[in-house]
Amino acid sequence: MAGLVIEREVLIEAPAEVVWRTITEPDQMSQWFADRVELVVEPGAHGYLQFGDQGGPVVVETVDPPTRFSFRWNYPHGEEPVPGNSMLVEFTLTPEGSERTRLRVSESGHELLAWPDGEKQRYADEHWDGWAEYLDRLARVLAKRQPG
Amino acid sequence: MTTQADDELWSAIADPSRRRVLDLLVSNGDVSASWLAGHVPFSRQAVSKHLVVLEQAGLVSRRKQGREVLYQVEAHGLDQATRAMADLAAQWDRRLATIKRLAEAAHAEAAGSSPPGQGDRHEG
């Protein structure tokens with residue numbers, strides 16, 4: 001799944017500060033992400049994510065409360081996550097009024113970071129729909145060529 | 001959860017040059033590496049490297065015909081890629097749904113009960 005960019009979002013009926021705590025506090029993270037989360041939310045902090053009986057390291061990248069939070073992880077490989085071997089998960093919180101927050105998440109892989117800027121942009125432009133359409137198109141062309 | 005196989009699959013498709021090779025294979029079927037090299041703006045050597053990666057990811061297979069090696073797309077591998085993509089989206093949708101539930105519950109609790117400051121715990 002390396003190199004992939006996926007983007008999803010959800011609208012939450014709570015202020016950004018509340019959503020921020022939900023996505024950044026380790027005891028909350030362990031409810032929506034890993035089974036066990038050891039993490040200090042500071043840029044550059046190293047932590048650990050446990051999934052079942054496997055786990056891997058995580059490194060915090062951006063901490064900009066309550067709008068941006070990102071971390072890098074490379075489960076299940078277990079090496080130190082750095083650009084080039086890991087997935088980058090980025091959360092963006094956008095307040096919509098005082099009681100509502102749009103939460104966006106993207107996950108991108110290591111190949112993307114090693115690419116020249118032009119390629120990176122082209123790739124980032126594809127997003128989820130681009131990927132789905134790409135695979136869909138391939139499958140259709142293939143089906144046409146090999147009937148039955 | 002991601003597996004080594006998924007990882008190879010996505011690495012394979014993530015590269016624009018490899019997608020180009022894959023596109024050509026999908027629309028033209030059994031062709032040789034030399035034929036592919038004549039249809040892309042990169043070297044025969046690069047084409048060979050891309051084919052190895054695509055083959056390892058299960059997206060492409062090869063067969064010998066006389067003295068030539070011909071490549072073709074593996075429909076099953078492509079199918080798997082499509083499903084892996086959908087799975088990943090669904091996984092994040094589930095996580096976001098949980099975040100939404102947790103945040104909305106925390107907000108409702110804070111709004112409905114205690115004065116400010118109450119329930120503000122800090123743990124190490």
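Colleague: What pLDDT does chain A average, and what share of the residues score at least 70?

Modeller: Good place to start, since this is a predicted model. Chain A averages a pLDDT of 80, and 74% of the residues score at least 70.

Colleague: Which elements of chain A have the lowest and the highest mean pLDDT?

Modeller: The lowest mean, 47, belongs to helix α3 (residues 110-114) of chain A, while helix α1 (residues 16-24) of chain A has the highest, 96. Across residues 111-115 of chain A the pLDDT is below 50, yet this stretch has 14 contacts in the model beyond near neighbours in sequence.

Colleague: How should I treat a stretch like that?

Modeller: Where pLDDT is low, the predicted coordinates should not be read in detail.

Colleague: Let's turn to chain B. What does its secondary structure come to?

Modeller: Chain B has 5 helices and 2 strands, and along the sequence they follow the pattern α-α-α-α-β-β-α. Of the 124 residues in chain B, 29% are buried. Among contacts in chain B with a separation of 6 or more, 49% join residues 24 or more positions apart.

Colleague: How do I read the crossing of helix α2 and helix α4 of chain B?

Modeller: Look at the angle between the axes. Helix α2 (residues 16-28) and helix α4 (residues 44-56) of chain B have axes that come within 10 Å and cross at roughly 80 degrees. An angle of 65 to 115 degrees counts as roughly perpendicular, so that is how α2(B) and α4(B) lie to each other.

Colleague: Which residues make the contact?

Modeller: From α2(B) come B:S17, B:R18, B:V21 and B:L22; from α4(B), B:A46, B:V47, B:H50, B:L51, B:V53 and B:L54. They divide into 7 nonpolar, 2 polar and 1 charged.

Terms used: Residues numbered from 1 in each chain as written. Chains lettered and ligands numbered in written order. Predicted model: local features only at pLDDT ≥ 70, side-chain atom pairs only at ≥ 80, totals over all residues. Helix = DSSP H or I, 4+ residues; strand = E, 2+ residues; numbered from the N terminus. Buried ≥ 20, exposed ≤ 12 C-beta atoms within 10 Å, placed from the backbone. Contact = placed C-beta atoms within 7 Å. pLDDT = per-residue confidence, 0-100. Axes fitted to C-alpha atoms, helices over the stretch in contact; angles between N-to-C directions. Parallel < 35°, antiparallel > 145°, perpendicular 65-115°, else oblique. Nonpolar A, V, L, I, M, F, W, Y, C, P; charged D, E, K, R; others polar.
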